[in-house]
Amino acid sequence: MVRDELKPAPESGRASGSAVADFLASLVVFMVALPLCIGIAQACGLPPEAGIITGVVGGLVVGFLAGSPLQVSGPAAGLIVLVIQFLDDAKAQVPDTNPVVLLGLAIIIAGAIQLTAGVFRIGQWFRAVSPAVVEGMLAGIGVTIIAKQFHEMVDDTAPKKVLDGLLTIPQAVWKAFDPPTGASANHTEAAVIGLLAVIVLAVWKPIAPKRLKIVPAAVVAVLAAVLVNEFGRPIFEGLGVQIGPAVDNHGGIGVERVQISASLVDSLKPMGRPGWELLTLGLIWKAGLTFALIASAETLLCAVAVDTKHNGPRTNFDRELMAQGVGNTICGFVGALPMTGVIVRSAANVEAGAKSRLSTILHGLWLLLFVSLLPGLLSRIPAAALAAILVYTGWKLLNLPGLWALWKESKSEALIFVATAGTIVGADLLAGVVLGVVLSALKLLIRFSHLKVRRVDESEHKRVHLYLEGAATFLRLPVLAEALEAVPQGVKLHVHLDRLQFVDHAILHLILTFQKQYEATGGKMFIDWDRLHARFNGTHSAERPQEEKAREEIGAAP
């Protein structure tokens, strides 16, 4: 079954025009993916190659196997928090072991969990996570990224704790205006680069000429940052701005650049044969499960979003989950970052006109060729520009307009959003997601345990009306039973179901039994059985004849 699921799906009817569209779209996705792969790796404290290799695997392997042909996989900003937290915990708990080896083991476990979940066809279940939890998770991740990367954007050292990072942002801003005496970091220069990158990211799409809109804003931001860093010294000095010494022999305004090895192959750190005793560490299994849950939820929800943007094949969620499992297993073995399906790259793929999985596969090939043949170009990119891209990404993930729209639609869902995000910021990602899921379950339980029974008597007509509102489940059976038993004998009882949302088997059986007993003592009960059936989720075929028989025996009105 695994072999059949992972066999590349045929995509018939692809004409030469489709291949051209995929080729052009792949170039756009490549330009979006390259700075993000590097920036996410550096934000995790790992070499840029770790992110690039994940992007290559996401294109050449997962793109070939994926159940969502137009979705693009690679390192995701949403996993930065998890990776940083794991590496910190690994250094503290197992100081004698390379934390990257432990990270690789955790990613392999995550991949195995995803692959197993796909084999047992539980991919659809990940879609059951409440949107408020998912949006809150992304918002919490966004705040965490801002708290860390804002400091990097001004060449400052970010505090370990997220709250400390947020509280010290004003200090980081002040360092850009008034650097400490004798500071070795180039705070002002880095801030100029970062601010320039953020401005370009924000205004490029609205102001770019029509022919240039296809060029991603992140690429333009990086190019602008490179030009300023390389050639901006005379401009700043002409304006009377004091620029510190360059950090290397390249000149420019002295901002730290990306450090990348001359050979991508040399940067690979295969897992090899780590000691089996490492698998006894609870740290690794907890991280593996967390990576699998978060990455799977983000991937499959991204696939849902991608499906809404095109008219092509719909996602096979189990196949996608298995493909992600294969990709993460490979990434764990070669010492790369974990991967997910990524909405930014996937949306760029669809908007650029991609027609099939060929675009995703080619983008992985372009990443591999570019980094293998032109590594020197990447070493010109200022680190502050990549941090700025992540700060901007974090702000977009925060999605305050979405929170306001959710508040107007459902205050309880908005509170779940805030609680999830707040717990992620104050504690950690897993705790926030678990809290969000628990709160969603409690909300559902409260909703399905709320039943209002209103009674109206018409004494002159010997008639009683019972209006049922809410969800009639076994949790509220005593309330309904008490209301029914309080109805006087010998009157006409009308049960109104217009505002009843749900009824379970226990309540259905109670009403059937009460009707038999009530009409046997001379009363008359009127109820819309068809409507009651519509409120009963999962009616068994054997129960319908029993109700019909009861109507015939009792003479109840339908």
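Two strands are taken as paired if DSSP finds at least two bridges between them, and the close-up views below, all of a predicted model, start from a pair of this kind.

**View 1. The open sheet of four strands, in the order β3-β4-β5-β6.** In the latter pair, Lys-492 has Lys-524 of β6 as its bridge partner. Strands of a sheet pair through backbone hydrogen bonds, in either a parallel or an antiparallel manner.

**View 2. Helices α22 and α23 against the strands.** Helix α22 (residues 477-485) packs on the sheet, where it touches β3, β4 (463-472) and β5, and its direction makes about 10 degrees with that of β3. Helix α23 (residues 505-520) lies across β4, β5 and β6, and runs at about 145 degrees to β6.

**View 3. A salt bridge between the side chains of Glu-413 and Lys-443.** The two side chains meet with an N to O distance of 2.7 Å. This pair links distant parts of the chain, since Glu-413 belongs to helix α20 (residues 411-426) and Lys-443 to helix α21 (residues 429-447), 30 residues apart. A search of the whole structure finds eight salt bridges.

**View 4. The largest pocket, with about 1,500 Å³ of space.** The lining comprises 45 residues, and those that lie nearest the centre of the pocket are Ile-343, Val-344, Arg-345, Ala-347 and Lys-396. Helices that each supply at least two residues of this lining include α2 (16-43), α6 (131-153), α9 (187-207) and α10 (217-231), and α13 (282-307), α15 (343-351) and α18 (383-398) do likewise. By class, the lining holds 33 nonpolar residues, together with four polar and eight charged ones.

**View 5. The second largest pocket, with a volume of about 680 Å³.** Of the 30 residues that line this pocket, Gln-42, Ala-43, Cys-44, Gly-45 and Glu-152 lie nearest its centre. The elements that give two or more residues to the lining are α2, α4 (80-93), α5 (99-119), α6 and α18, and α18 gives the most, with five residues. Divided by class, the lining of the second largest pocket has 16 nonpolar, five polar and nine charged residues.

Terms used. Residues numbered from 1 in each chain as written. Predicted model: local features only at pLDDT ≥ 70, side-chain atom pairs only at ≥ 80, totals over all residues. Heavy atoms only, no water. 1 Å grid on protein atoms, 1.4 Å probe; cavity = no way out; pocket = protein on both sides within 12 Å on 5 of 7 lines; lining within 4 Å. Points joined across faces, edges and corners; volume = space filled by probe spheres on them. Nonpolar A, V, L, I, M, F, W, Y, C, P; charged D, E, K, R; others polar. Contact = heavy atoms within 4.5 Å. Axes fitted to C-alpha atoms, helices over the stretch in contact; angles between N-to-C directions. Salt bridge = Lys/Arg side-chain N within 4 Å of Asp/Glu carboxyl O.
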